[in-house]
Amino acid sequence: MFCSSAGVGLIFPSNSPFTNLQDNTPSFQQDALNNRYLQVQGSLGSSTIYTHVIYAPDTPNLRPQFFSQLPRTFPEHSQHIVLGDFNLTLDNDLDQSDPSLVHHRHGREELLDWCLHLGLWDAWRTTYPFQREFTGPALHNRIDYCFLSADLFQNSLSS
């Protein structure tokens with residue numbers, strides 16, 4: 001089990017296909033990420049996989065800095081799995097019951113920039129492009145996500 005004190009944690013069961021697990025989190029504990037970001041490196045077959053767990057700040061004006069400070073430097077051909085509570089929505093119409101709300105937009109540009117940099121796909125939205133499904137506490141928005149590297153999604157999840 002890997003965990004941090006602000007609500008991020010990750011459990012790999014003993015029969016997990018991931019091997020050579022290493023907690024890289026201490027390297028990324030800048031003020032904005034402190035206890036809100038967890039990163040575990042491991043192997044899946046011959047691929048290096050980085051699993052990231054995110055618990056983004058609920059305070060809107062803190063999210064842009066948080067997402068801007070997420071790590072971007074990884075070895076070539078690394079694969080990523082990113083999970084967590086991002087406290088924002090990615091699509092005004094599909095991910096919110098009221099598209100006019102702006103509270104959950106803060107940090108969106110910075111998160112999308114990070115996802116683009118790592119080549120991440122929203123696995124659920126790619127599978128269900130037009131379905132509205134809400135995960136927030138009051139079920140008014142979708143703020144919990146699972147992003148995957150494009151290759152990992154195409155070669156593993158989709159099959």
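**Figure 1. S6 and strand S8 (residues 144–149) are paired in the antiparallel sense, with five bridges between them.** The model shown is a predicted one, in which local features need a pLDDT of at least 70 and side-chain atom pairs count only at pLDDT 80 or more, while totals for chains, interfaces and linings use all residues. Residues are numbered from 1 along each chain as its sequence is written, and side-chain values use heavy atoms, leaving out hydrogens and water. Strands (E, at least two residues) and helices (H or I, at least four) are DSSP runs numbered from the N terminus, and two strands pair if DSSP finds at least two bridges between them. Within this pair, Leu83 stands opposite Cys146 in S8, and Ile81 has Leu148 of S8 as its bridge partner. S6 is mostly covered, since six of its seven residues are buried, where buried means under 20% relative accessible area, exposed over 50%, and partly exposed in between (1.4 Å probe, protein chains only).

**Figure 2. S6 is also joined to strand S5 (residues 47–55), here by seven bridges and in the parallel sense.** Val53 has Leu83 of S6 as its bridge partner, and Leu83 is again the residue that stands opposite Cys146 in S8. Strands of a sheet pair through backbone hydrogen bonds, in either a parallel or an antiparallel arrangement.

**Figure 3. Six strands form an open sheet with mixed pairing, in the order S3-S4-S5-S6-S8-S7.** At the edges of this sheet are strand S3 (19–23) and strand S7 (120–122), each of which pairs on one side only. S7 runs antiparallel to S8 and is joined to that strand by three bridges, with Leu120 standing opposite Ser149 of S8.

**Figure 4. Gln39 belongs to strand S4 (residues 37–44).** Is Gln39 buried or exposed? With a relative accessibility of 1%, Gln39 counts as buried. When neighbours within four places in sequence are set aside, the residues in contact with Gln39 (heavy atoms within 4.5 Å) are Gln22, Asp23, Asn24, Thr25, Phe28, Tyr50, Thr51, His52, Pro71 and Phe74.

**Figure 5. Pro17 sits in the loop between strand S2 (9–10) and S3.** Pro17 is exposed, its relative accessible area being 54%. Although Pro17 and Leu44 are 27 residues apart in sequence, their C-alpha atoms are 6.3 Å apart in space. Not counting residues up to four places away in sequence, Pro17 touches Ser43 and Leu44.

**Figure 6. Glu76 is placed in the loop between helix H1 (63–68) and strand S6 (79–85).** The relative accessible area of Glu76 is 68%, so this residue is exposed. Glu76 and Asn24 are 52 residues apart along the chain, and a distance of 17 Å separates their C-alpha atoms.

Figure 7. Asn87 is located in the loop between S6 and H2, whereas Leu139 is located in the loop between helix H3 (123–127) and S8. Asn87 is buried because its relative accessible area is 6%, while Leu139, at 54% relative accessibility, counts as exposed.

**Figure 8. Confidence in the protein chain is given as a mean pLDDT of 88, pLDDT being the predictor's confidence in each residue, from 0 to 100.** Of the residues in this chain, 92% reach a pLDDT of 70 or more. Which elements of the protein chain have the lowest and the highest mean pLDDT? The lowest mean, 60, belongs to strand S1 (residues 2–3), and the highest, 97, belongs to helix H2 (residues 108–118). Where pLDDT is low, the predicted coordinates should not be read in detail.
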